[in-house]
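Here is a friendly set of notes to read beside the picture. Take the points in order and find each residue as you go.

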Amino acid sequence: MITLKRLNDDEFVLNAVLIEQVQSLPDTTISLINGKKIVVKNKADDVIQKITEYYQQIGLARVQIKAGEEDE
């Protein structure tokens with residue numbers, strides 16, 4: 001789970017495994033695998049760093065690296 005801020009500064013916790021895509025439009029918009037979109041105050045780079053740290057914490061970092069290597 002990662003902690004993020006909504007545009008009104010309210011903090012919330014999101015299950016990072018549900019994230020499909022992160023975009024800057026210019027606000028950071030997170031698309032979830034269920035089609036829902038969430039706009040957050042955090043910069044896209046910050047969100048990606050939090051996702052990566054969470055994946056490392058729960059042991060999914062290897063899966064993420066392997067998936068990236070398969071695309072090469």
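1. A word you will need: two residues are in contact when heavy atoms of theirs lie within 4.5 Å. With that in hand, look at Val 40: setting aside neighbours within four places in sequence, Val 40 is in contact with Leu 4, Lys 5, Leu 7, Phe 12, Thr 28, Ile 30 and Val 47. Please keep in mind throughout that this is a predicted model.

2. Now step back to the overall plan. The protein has two helices and five strands, and along the sequence they follow the pattern β-β-β-β-β-α-α. Of its 72 residues, 28% count as buried. The protein exposes about 5200 Å², and carbon and sulfur atoms supply 47% of that area. Among contacts between residues at least 6 apart in sequence, 35% join residues at least 24 apart.

3. What does the largest nonpolar core contain? It has 14 residues, and those touching the most other members are Ile 2, Leu 4, Leu 14, Ile 19, Ile 30, Val 40 and Ile 51. At least two residues of this core come from each of β1 (2-5), β2 (11-14), β4 (28-32), β5 (37-40) and α1. The largest share, four residues, is supplied by α1.

4. Which residues of α1 are buried? They are Ala 44, Val 47, Ile 51, Tyr 54 and Tyr 55. These residues cover an arc of only 100° around the axis, so they sit on the same side of α1. The spacing has a simple background: an α-helix has 3.6 residues a turn, so residues three or four places apart point the same way. On the face of α1 turned away from the buried side you will find the exposed residues Asp 45, Gln 56 and Gln 57.

5. Glu 53 is also in helix α1. Its relative accessibility is 42%, so Glu 53 counts as partly exposed.

6. Asn 42 deserves a careful look. It lies in the loop between β5 and α1. Is Asn 42 buried or exposed? Buried means under 20% relative accessible area, and Asn 42 counts as buried because its relative accessibility is 12%. A polar atom of the Asn 42 side chain lies 2.8 Å from the backbone nitrogen of Lys 5, and the Asn 42 side chain also makes a polar contact with the side chain of Asp 46, at 3.0 Å. Not counting residues up to four places away in sequence, Asn 42 touches Leu 4, Lys 5, Thr 28, Val 47 and Lys 50.

7. Finish with Ile 33, in the loop between β4 and β5. Exposed means over 50% relative accessible area, so at 56% relative accessibility Ile 33 counts as exposed. Leaving aside neighbours within four places in sequence, Ile 33 is in contact with Leu 18 and Glu 20. Ile 33 and Val 17 are 16 residues apart in sequence and 8.9 Å apart in space, C-alpha to C-alpha.

How values were computed
Residues are numbered from 1 along each chain as its sequence is written. This is a predicted model: local features need pLDDT of at least 70, side-chain atom pairs count only at pLDDT 80 or more; totals for chains, interfaces and linings use all residues. Side-chain values use heavy atoms; hydrogens and water are left out. Buried means under 20% relative accessible area, exposed over 50%, partly exposed in between (1.4 Å probe, protein chains only). The arc is that of the directions from the helix axis to the C-beta atoms. Accessible areas come from the Shrake-Rupley method with a 1.4 Å probe; for residues, only the protein chains shown count as cover. A nonpolar core is a set of buried Ala, Val, Leu, Ile, Met, Phe, Trp, Tyr and Cys residues joined through side-chain atoms within 4.5 Å. A polar contact is a pair of N or O atoms within 3.5 Å; within protein, one must be able to donate a hydrogen and the other to accept it, and residues adjacent in sequence count only if both atoms are side-chain atoms.
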